Amino acid sequence: MLTKVVPVLRATSLMQPISRSGHGVPHHWKSMREICLENKSHMDCLPVPEGCWQEAYNKQNAKRNMTLGASILSFIVTWGAVWKADVIYLNRAPPMYNCKKPKS
């Protein structure tokens, strides 16, 4: 009986180093830096700023100011057209047609 068990024990002892090799990162794995560089998610892949930031800021601010001015102008024109057409009533009584004056 012992002669049948010994080969099985030897076979299991040979398989143990294979199953115990997961304590560290295997040598063929990539480092986190290599993975980030491949996926272009590393700080080295970000664009490098160029030129004066103040000039870019002033240009962007001028564009936004023009948009704000155009928005205010369109609001005023629209409000004037609505007011002129007498479409809205700002918390005043609606126009009374065919009103009879009370007898005094």
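Trainee: Where does Lys 40 lie?

Mentor: Lys 40 sits in the loop between helix 2 (32-39) and helix 3, where helices (H or I, at least four residues) and strands (E, at least two) are DSSP runs numbered from the N terminus. This is a predicted model, in which local features need pLDDT of at least 70 and side-chain atom pairs count only at pLDDT 80 or more, while totals for chains, interfaces and linings use all residues. Residues are numbered from 1 along each chain as its sequence is written, and side-chain values use heavy atoms, with hydrogens and water left out.

Trainee: And is Lys 40 buried or exposed?

Mentor: Lys 40 counts as exposed because its relative accessibility is 63%; buried means under 20% relative accessible area, exposed over 50%, and partly exposed in between, with a 1.4 Å probe and protein chains only. Although Lys 40 is not a glycine, its phi is positive, at about 55 degrees.

Trainee: Which residue takes a positive phi just after helix 3?

Mentor: That is Asp 86, with a phi of about 55 degrees, and Asp 86 is partly exposed, its relative accessible area being 39%.

Trainee: Switching to the whole chain, what is its secondary structure?

Mentor: The protein chain has three helices and zero strands, giving the pattern α-α-α along the sequence. Buried residues make up 1% of its 104 residues.

Trainee: How many residues does helix 3 have?

Mentor: Helix 3 has 32 residues and reaches 46 Å from its first C-alpha to its last, close to the 46 Å expected at 1.5 Å a residue, the expected span being 1.5 Å times one less than the number of residues.

Trainee: How many aromatic pairs does the structure hold?

Mentor: The structure holds two aromatic pairs. Phe 75 and Trp 79 form a stacked one, with 6.4 Å centre to centre and 20 degrees between the planes; rings of Phe, Tyr and Trp (its six-membered ring) pair if their centres lie within 6.5 Å, and planes under 30 degrees apart count as stacked, over 60 as edge-to-face and the rest as tilted.

Trainee: Why are Phe 75 and Trp 79 separated by about one helical turn?

Mentor: Because they are four residues apart in helix 3. An α-helix has 3.6 residues a turn, so residues three or four places apart point the same way.

Trainee: What is Leu 90 in contact with?

Mentor: Leaving aside neighbours within four places in sequence, Leu 90 is in contact with Trp 79 and Trp 83, contact meaning heavy atoms within 4.5 Å. Leu 90 is in the segment after helix 3 (53-84).
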